[in-house]
Amino acid sequence: MEKKLDLITAWTDYKFDPRNLILIFLLSFVVAGQTYLNFNQGVDAIIVSILTTVTTELTLARIILKKWIIPKSAFITALGVSLLINSYLLWPYVLTAFLSICIKYILRFKGGHLFNPNNIGVVIVIFTLPQFAVTTPKQWSNGFEVMAIILLLGFVVAYFAKRLDTVIAFLSTFTMIALVRSFVFGAPLLAALGPLLGASMQLFTFFMITDPKTTPNTRKGRILFAIFIAVVDGILRIQRIPNAPFYALFISTILFMIPYRLYLSRRSVSNV
């Protein structure tokens with residue numbers, strides 16, 4: 001009998017919970033956005049996002065899991081919502097936050113939620129309600145100081161989350177595809193490579209595609225997943241589809257993570 005394979009990474013697998021660093025990572029941007037970067041989102045958007053995710057998580061955990069939990073992940077999701085979308089109304093934040101947590105509990109596959117909560121919530125809202133909510137690539141200023149801070153904190157978080165391989169594989173593949181887009185498809189080189197220097201892309205890379213719960217738990221699987229996301233992102237950019245990274249992660253979760261978990265599940269059964 002061989003050891004049964006674990007399909008989902010557990011927070012107890014870590015000596016130090018990486019969510020603590022992710023919270024610091026995101027809180028620093030929320031504070032910077034309100035004090036230095038002059039984000040369009042106000043404090044009220046942050047508050048309603050937090051209230052929605054926390055109350056939804058506490059309620060669903062009590063009903064479905066039959067226990068009370070510390071809503072640390074919900075708090076992270078709320079900060080992500082308040083950073084990733086922009087709306088002149090409050091209800092899109094509430095809706096995005098509510099969908100992110102609800103789908104995490106309802107849409108589960110092989111023992112864990114399938115989609116990154118922020119990704120699925122943002123994709124649904126920007127796809128179905130683009131007149132009320134957009135993503136926020138232009139409000140980050142792209143200043144050198146902001147990018148340097150994000151890169152530094154991002155690498156620290158990815159290291160403690162054991163997802164540096166994911167970051168390196170994604171950025172390397174994105175760079176190669178950007179060169180292909182430029183030399184084969186005629187995209188201006190600086191425009192093709194430009195997103196790499198954008199704070200929004202860096203937040204996507206370090207915060208969203210490195211989620212331990214919704215990414216493969218093997219190094220080989222994570223590298224392949226990151227390459228898959230970058231390829232899909234490149235295809236969407238060639239087709240001039242906006243919000244390419246968010247849709248790329250959504251599509252990759254369906255096309256890569258479902259077969260991946262099925263494969264590991266069957267291997268696990270055959271090894272027992």
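**Nonpolar core and salt bridges in a predicted model**

The largest nonpolar core holds 71 residues, and those touching the most other members are Phe-25, Leu-26, Phe-170, Leu-203, Phe-204, Phe-207 and Ile-229. Helix 11 (residues 244-271) supplies the largest share of this core, nine residues. A nonpolar core is here a set of buried Ala, Val, Leu, Ile, Met, Phe, Trp, Tyr and Cys residues joined through side-chain atoms within 4.5 Å. Buried denotes under 20% relative accessible area, exposed over 50%, and partly exposed the range in between (1.4 Å probe, protein chains only). Helices (H or I, at least four residues) and strands (E, at least two) are DSSP runs numbered from the N terminus. In soluble globular proteins, nonpolar side chains tend to be buried together.

The model is predicted: local features need pLDDT of at least 70, side-chain atom pairs count only at pLDDT 80 or more, and totals for chains, interfaces and linings use all residues. Residues are numbered from 1 along each chain as its sequence is written, and side-chain values use heavy atoms, with hydrogens and water left out.

Ile-229 touches Phe-170, Phe-204, Ile-209, Ala-248, Leu-249 and Ser-252, residues up to four places away in sequence being excluded. Contact requires heavy atoms within 4.5 Å.

Six salt bridges were found in a search of the whole structure. The criterion is a side-chain nitrogen of Lys or Arg within 4 Å of a carboxyl oxygen of Asp or Glu. Side chains of opposite charge can pair when their charged atoms come close.

Asp-165 pairs with Arg-219 in a salt bridge, at 3.3 Å from N to O. Arg-219 belongs to helix 10 (residues 219-238) and Asp-165 to helix 7 (residues 164-183), so this pair ties together parts 54 residues apart in sequence. Asp-165 is buried, at 12% relative accessible area. Arg-219 is exposed, at 58%. Asp-165 also forms a salt bridge with Arg-222, at 2.9 Å from N to O. Arg-222 likewise lies in helix 10, so its pairing with Asp-165 in helix 7 links parts 57 residues apart in sequence. Both Arg-222 and Asp-165 are buried. Elsewhere, salt bridges with shared partners join Asp-17, Arg-19 and Lys-72 into one network. Within it, the closest N and O atoms of Asp-17 and Arg-19 are 2.8 Å apart. Asp-17 is buried, at 15% relative accessibility. Arg-19 is buried too, with a relative accessible area of 13%.

Asn-86 sits in strand 1 (residues 85-86). Its relative accessibility is 16%, so Asn-86 counts as buried. Beyond residues up to four places away in sequence, Asn-86 touches Asn-40, Gln-41, Tyr-93, Phe-132, Ala-133, Val-134 and Thr-136.
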